[in-house]
Amino acid sequence: MSQEVSGETFPALRFVLLGRVRAWFENQELDLGSPQQRAVLATLLLRCGRPIAVSGLIDAVWGENPPPAAVSVLRTYVSRLRKVLEPGRSAGESPQVVVSAADGYLVRASQNALDLNIFNARVAEARKLRAAGAAAAAADLLRIALNQWEGAPLAGLPGPLAEAERSRLEEERINTLEMRLEIDVQIGRHGEVLAELISLTETHPLREKLCRLLMLALYRSGRQAEALEAYRKTRKTLVTEFGIEPSTPLRQLHDRILAADGSLGPELMTPENDPTETVAASLDSDPYSLTVTPTVRPAQLPADLTTFTGRHVEVEQMKALLLEEGAPSKTVVISAIHGMAAIGKTALAVHVAHQVADKFPGGQLFINLRGFDPVSPAVQPGEAIRDFLDALGIPPQRIPAGIDAQSALYRSLLANRNMLIVLDNARDIHQIRPLLPGSPGSLVIVTSRNELTGLVVGDGAHPLTLSPWTQEEAHDFLAKRLKAERLAAEPEAAEEIIRHSDRLPLALAVVAARAATNPNFPLSVIVDSLREHQGSLDAFAGSDIDIRAVFFSSYNSLSGPASHMFRLLGLHAGPYISAPAIAALAALPLREARSLLLELKGAHLLVESKPDQFTLHDLLRVYAAERAQTEMSLQEKNLAIERLLTWYLHTADAAYGHITPHRRRISIKEILPSCVPLTFTTYEQALEWCTAERANLVFAVRAAAASRQPAIAWQLTSLLWGFFYLSRHTEDWLDTTQTGLAVARFVGDLEGEAQSLMDLAAALHIAGRDDETFGHLNQALAIYRKLGDVNGRAAAVSNLGNAYLAFNQLGKAIEYLRRGLALFEKIGDSWALGINLSNVGDCYRRLGQFDDAISYLERALTALRTTGNRWVEGVTLDVLGMVKHQLHRHSDAITIYQQALVAHREVGNRWGEGHTLDHIGDTYFASGQQKNAKTCWGLASDVFEDLGRPEAKTLKKKMAELTYLPNCDHAQ
């Protein structure tokens, strides 16, 4: 018995991670062996079908203290798991569940085979139901999802990964439970959940959302005094243990309950006016969707083919479906074009899109999802959404973290905006669903080799299956490309070309390209070539397409240098490649490389997607790689790859010098004589190159790891630190840093390991996973000590201080930051010294030790001004202003805040500008100048609203509490 999902067949397995790790084959529970063996399986399942290296598995199961024969033990566990999970597999058959991949393993299983995936899917569906107004149904579905949990997740498993994942999954469970309880209270089920809320607030006394819900449920149950007592109990815990007051929403709810009388009581009792609903909206909704307005009208459709042929029935059918009486439909219309490879799905989608584009004034979005790319990985939904947000003009810093928030922002931008969206070469519905608009009036055209039945059933998509051209359409195509007179001269040869090409558009295009580039050849020569390779035309057997023989006809007509370049292109697995990169790959001058690229382009073996940027069709890339494998020596291929990777490395180094000019430079691999990297004269140029080449740079790190260039893998990742920090492409940053770390460890490169640990910690910080940074930073510190690298020690110690500061562990933060200060003073790094001094000052401010805070902050300002670090100078001035405010020296505080504003505006730090304006307003309010306070808060709110930050709502609430009209000139 097996399961078939998206065209793939999996064994009938079922796995449980939300409790003790268990597995079933059909109805029989399986013996998964020892806790360590179960930990191996759990690690693979948590990767969701993505491979994990052997070193990663060892780290997950044993952490820093693996047994001496860890690799051997791990492989034994994998062997046992394979036998247990596939009881019917014979000795000679390849494993189908735990599969070898690169230098590690992955698990192949249906998405519905894992309880965690089912849980996540139900939660996601519940969010949709809630957004659509079906609150009761959403709560019921969340209850079903939570009932899946059999206990503590990954119970009994050893290892650091299990420990970390237990914490993460438990937090997801509590968040989901809070969402379900919030809905229940909002729709009037407060009596049913009251006992549950009382128990949960005892177990989780610091979760203010649970306290809010309990207070409201008690009040609506006629138990006002108990509601107020619940608040007092929570407040006492927060004040006693942490020295902080409850949040504003919780205090406001307390005040409303306290003041409730005949007029206010009913308001609290009405779910529609529930104050927790307002709070939930501010906390749980996507703030970006309320404030970000797209400024760009994208027009991403590729050019329509001048040789587009036939498909008259399909074109008219799609146009009739997509438009109602000549105008866009009143609903989101999804057309799913599917069929075999090389059948012309993309050509039809683009052709129809151009025909109806004028009906969609919001613009057109297009993306190749690479669902069946034989080399590059499929585009993840988060990556696709970020690309679309880029196209819609949203700056990287305004794109939220997390696929749910990004998808919400994307849908918000498309609301009430008629958009035409083409999702080309999709793998499955999971890749598509986050990219679908949520409001009517838009058109989505999807192409895929799979039928996407789930998209038809669940999303109302209209399927369209393409068949090969008719004989007449194929003949018309050849006539357009080769002229009717040429076909009329050799009618039998023309018919035989169509027959050998099986009327497939791409196959015919390749054959016609060769004939068109050789106008003096009789068509019988083309036919002879097809006949010659007929024995190897296995592309035409089965449901998929492999047109190697057809490619050979075009490839064989190239000049020697052009065919050599085509083979070299098969070594590059990135989504596109620039002319300068190709020149480095081929060790040619740029002018000569461009000439050969034009030859390849003329033979339709290469596409120039943008000026000097080229792509290979999926199947052509495979063919080029095969030619390289058969016609190039291993030494020749390795040298070409090394040239390309070195080119990326040194070009990234040139960009690094502009993006992060004061960060410590690392020694990198020497450049090869034939490699000419790019140079940059401005910060903008460097950032533009990194942005354009991001996908290729990620590919380069992976390629370096796979091609025995470990130094390039971690060095290139380190050089991308500043770009990833600014652009917030967190998934790519984590991917590359983890790859660099694994490779450095594998070859025993201590310098690379330490640098990779530092880079990974920075990426985790940006990803909001600060709790995971401590281990990496401590490991880096130990290595730097071993190497005697004082600069590295200083950076690691200071970053540990920042990590503790992020967790408000101020004693630890000061300890590490002051140790970093001593090291930076020793090595004379004034730039880093200023930053550390500022952070120590902030620690003392938070502790209320204001004399020490002022001392460190003033020392920081001296160092920062010496090095010209205006960005941190503005932040430091803001902290110093807060100190003056807390000392009730309001006039001094205003003066310092004004200096901070100047610095913020000079470097374009809008986030800092907003916070300083907010602080100025607080100071005016504290000194009794309410008019000025309201004006400053209004300016701050405008900044945060422009940035799409939630602070804008808080500021508006502040202003609403004041009664005077604004009149403030001091903050202008």
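**Cavities, strands and backbone angles in a predicted model**

Good morning. I begin with the cysteines: counting a disulfide as a pair of cysteine sulfur atoms within 2.5 Å, the number of disulfides comes to zero. Two cysteines may be named here. Cys690 counts as buried because its relative accessibility is 2%, and Cys936 is buried with a relative accessible area of 0%. Here buried means under 20% relative accessible area, exposed over 50%, and partly exposed in between, with a 1.4 Å probe and protein chains only.

A word on the basis of these values. This is a predicted model, in which local features need pLDDT of at least 70 and side-chain atom pairs count only at pLDDT 80 or more, while totals for chains, interfaces and linings use all residues. Residues are numbered from 1 along each chain as its sequence is written, and side-chain values use heavy atoms, with hydrogens and water left out.

Rolling a probe the size of a water molecule over the atoms shows where empty space is left. On a 1 Å grid over the protein atoms alone, a cavity is a set of points where a 1.4 Å probe fits but cannot get out; a pocket is an open set with protein on both sides within 12 Å along at least five of seven lines; and lining residues have an atom within 4 Å of a point. Grid points are joined across faces, edges and corners, and a volume is the space filled by probe spheres set on the points.

How many cavities of 30 Å³ or more are there? The count comes to two. The largest cavity holds about 70 Å³, and its lining includes Leu569, His572, Tyr576, Ile577, Phe614 and Arg621. By class, that lining has seven nonpolar, three polar and one charged residue. The classes are as follows: Ala, Val, Leu, Ile, Met, Phe, Trp, Tyr, Cys and Pro are nonpolar, Asp, Glu, Lys and Arg are charged, and the others, Gly among them, are polar.

Two of those lining residues, Ile577 and Phe614, are also bridge partners, with Phe614 in strand S18. Helices (H or I, at least four residues) and strands (E, at least two) are DSSP runs, numbered from the N terminus, and two strands pair if DSSP finds at least two bridges between them. Strand S18, residues 613–615, pairs with S16 in the antiparallel sense over two bridges. These strands belong to an open sheet of three strands in the order S16-S18-S17, with antiparallel pairing. Strand S16 (577–578) and strand S17 (607–610) are the edge strands, each pairing on one side only.

The second largest cavity has a volume of about 50 Å³. Among its lining residues are Ala39, Thr43, Leu46, Leu154 and Leu161. Helix H1 (35–46) and helix H6 (160–186) each supply at least two residues of this lining, and H1 gives the most, with four. The lining divides into nine nonpolar, one polar and no charged residues.

Helix H1 also contains Gln37, which is buried at a relative accessible area of 3%. Leaving aside residues up to four places away in sequence, Gln37 touches Leu32, Tyr77, Arg80 and Leu81, where contact means heavy atoms within 4.5 Å.

Next, the backbone angles. Most residues other than glycine have a negative phi. Leu154, however, has a positive phi near 55°. Leu154 is found in the loop between helix H5 (135–147) and H6. Is Leu154 buried or exposed? Leu154 counts as buried, because its relative accessibility is 1%. His888 likewise has a positive phi, of about 65°, and lies in the loop between helix H42 (870–886) and helix H43 (890–907). His888 is exposed, with a relative accessible area of 63%.

A further positive phi, near 55°, is taken by Ala102 in the hairpin of S7 and S8, which has two residues between the strands. Strand S7 (residues 98–101) runs antiparallel to S8, joined by four bridges, and Val98 has Val107 of S8 as a bridge partner. Strand S6 (residues 52–53) pairs with S8 in the antiparallel sense over two bridges. Both faces of strand S8 (residues 104–107) are covered: Gly104 and Leu106 on one side, and Tyr105 and Val107 on the other, are all buried.

Finally, the second largest pocket has a volume of about 830 Å³. Of its 15 lining residues, Pro246, Ser247, Thr248, Arg251 and Thr954 lie nearest its centre. Helix H10 (248–259), helix H44 (910–926) and helix H46 (951–960) are the elements that give two or more residues to this lining. By class, the lining has five nonpolar, four polar and six charged residues. Thank you.
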